[in-house]
Amino acid sequence: MSRRAWLITLGVLGVAAFLRLWHLELRPPHHDEGVNGWFVEGMLRRGYYAYDPANYHGPSYFYLLAGARKVFGFGLWQLRLPGALVGVALCAVPLVVRRQLGAARTVAAVALLATSPTLVYYARYAIHETLLATLGLLACACTLRWAASGRHRWLIGLAAAIAGMIATKETTILFLAAAGLWLLGEVAVESARAKRLVVLGQPAAWSWRVPAVAAAALAVMAAIHVLLFSGFFQAPGSLAEQLRRSVRAYLVWSKTGTDHGGHVKDACYYLHLGMRYELALYALAVIGLWAGVRERWIRGPGLVGFAMLGLYSAVAYKMPWLPMSWLVLLAVPAANGAVVIGRLLATEVWPRLGTGGAVALAMVPALLITGRSSFIRPADQREALAYVHTDADYNRWFPLITAGARQRGRARFTVAVEHDAQWPLAWALMRYPRTRWSATGTEDVIIVATDRAPALEARLKTRYLRRSSRLRDAAAPAVIYFREALYAPRLAQARARGEVTEVTPATVAVR
């Protein structure tokens with residue numbers, strides 16, 4: 001790549017970093033983020049991660065979260081930082097195959113990954129998907145580099161990437177199924193044409209290197225798997241039992257994928273989601289795959305990506321973050337599509353438009369959607385990406401808990417929760433040691449479901465300021481009580497506006 005191409009790429013990576021790292025606490029913590037944060041706190045107390053197949057998400061991401069927790073402390077931006085950094089690294093993976101793609105397609109792929117609304121939104125989320133998608137794209141890049149050079153180090157890199165995927169999330173099996181079908185097809189067609197065994201352009205020839213490289217790749221995979229799933233040999237129980245648990249997770253997930261109540265959606269769910277958030281990327285991917293189907297560097301990621309879309313669509317259990325796994329692959333043929341459209345623009349519209357004009361046409365709507373979904377209304381029910389998310393109101397009342405604890409002292413500050421929506425509160429309130437899950441009526445802050453408010457108010461022992469709130473979709477509305485003696489000055493303006501009302505021990509009726 002030329003110096004100019006490198007400068008443009010660095011600039012785009014700077015945009016990717018800004019979109020993923022700026023104001024990480026803007027959106028309230030999600031249910032799943034609270035669960036992941038809780039696991040990390042337990043992991044740090046024990047000194048290892050004890051893998052549970054009922055969770056079925058692998059341990060690799062938890063180690064990244066634990067590292068950030070140790071270095072930067074407890075908090076929401078600390079919890080989200082590893083995913084955001086991995087999301088930036090994801091955008092740089094096309095550089096691994098820049099010689100195969102060429103400068104224009106490489107820069108276009110980086111730009112499409114950097115501005116994808118889905119990839120940006122969930123990179124700012126403390127869940128496993130960004131790491132899984134990054135490793136999947138890296139596995140693809142290693143495969144293509146081996147096909148181009150035949151150098152065995154890329155097979156070792158492929159083995160490490162796949163092992164990392166297996167240790168990250170159980171849905172890796174769908175990636176392996178799609179990639180395996182593509183590989184079998186490639187080998188069958190090439191071998192039939194050459195009348196000998198050919199694997200991705202490399203004629204098969206027996207030598208001592210074949211078993212040596214295979215053994216090295218398997219050793220790398222085994223080492224990563226054993227170390228992570230055994231908690232670096234710290235988890236209790238035999239090693240054999242720990243490895244059995246790592247396989248048992250797939251049985252649990254197979255049931256989740258077929259009949260998980262509340263998350264079953266129709267077969268076209270991902271297409272509808274794509275049309276709403278990733279229309280430009282999908283359109284360019286179709287154009288690029290059609291135009292570049294003769295090139296393995298385009299054909300491979302494109303066919304595997306669309307095959308994954310089909311496989312995931314066939315599974316009843318669907319989540320809006322799962323498309324990340326194939327969107328990162330489709331960015332490669334989409335980059336070729338941008339080059340094709342760029343040539344058309346240069347010929348028919350203006351010679352200086354070219355690939356840059358085509359990429360800009362794709363980036364502008366992507367940035368607008370990203371700005372809306374990730375920064376303007378990141379927890380709004382109107383955004384399909386904000387799936388059963390904690391309500392934006394959380395960011396208006398939870399800081400009052402932080403302020404009250406700072407004034408009173410964390411060791412003395414008391415919180416009570418009587419609500420079935422335990423997450424993310426169970427994690428967010430961990431910093432306050434005197435948090436309990438039933439109220440006595442004397443706590444500094446009490447959070448209860450609306451239907452439990454009358455019973456609570458009957459046993460209050462001091463004066464409170466009451467505020468209604470929503471926790472998240474599909475969860476009961478909540479009422480939050482702030483002890484007046486502590487919060488009266490902070491809530492004076494809200495009280496004047498009628499946003500909070502006073503409750504005394506004698507007040508038992510719900511207003």
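**A charged pair and the sheet beside it**

Modeller: A salt bridge joins R467 to D393, with their closest N and O atoms 2.7 Å apart; the term stands for a side-chain nitrogen of Lys or Arg within 4 Å of a carboxyl oxygen of Asp or Glu. The two residues lie 74 residues apart, R467 in strand β6 and D393 in the loop between α17 (354–376) and α18, so the pair links distant parts of the chain. R467 is buried at 13% relative accessibility, and D393 is buried at 8%. Buried means under 20% relative accessible area, exposed over 50%, and partly exposed in between, with a 1.4 Å probe and protein chains only.

This is a predicted model, in which local features need pLDDT of at least 70 and side-chain atom pairs count only at pLDDT 80 or more, while totals for chains, interfaces and linings use all residues. Residues are numbered from 1 along each chain as its sequence is written, and side-chain values use heavy atoms, leaving out hydrogens and water.

Helices (H or I, at least four residues) and strands (E, at least two) are DSSP runs, numbered from the N terminus. Two strands pair if DSSP finds at least two bridges between them. Six strands form an open sheet with mixed pairing, in the order β4-β3-β5-β7-β6-β8. At its edges stand β4 (434–436) and β8 (501–503); each has a single partner strand, so one side of each lacks a neighbour in the sheet. On average, neighbouring strands are turned by 20 degrees against each other, direction ignored.

Strand β6 (residues 464–469) runs antiparallel to β8, and three bridges join them. L465 has E502 in β8 as its bridge partner. Helix α18 (residues 394–408) packs on the sheet and touches β5, β6 and β7, its direction making about 25 degrees with that of β7. Contact here means heavy atoms within 4.5 Å; axes are lines fitted to C-alpha atoms, for helices over the stretch in contact, and angles run from 0 to 180 degrees between N-to-C directions.

Further along the sheet, β5 and strand β7 (residues 478–483) pair in the antiparallel sense over five bridges, and V445 has F482 as its partner in β7. With strand β3 (residues 414–418), β5 pairs in the parallel sense over four bridges. Five of the five residues of β5 (residues 445–449) are buried, so this strand is largely enclosed by the rest of the structure. V445, I447 and A449 point one way from β5, and I446 and V448 the other.
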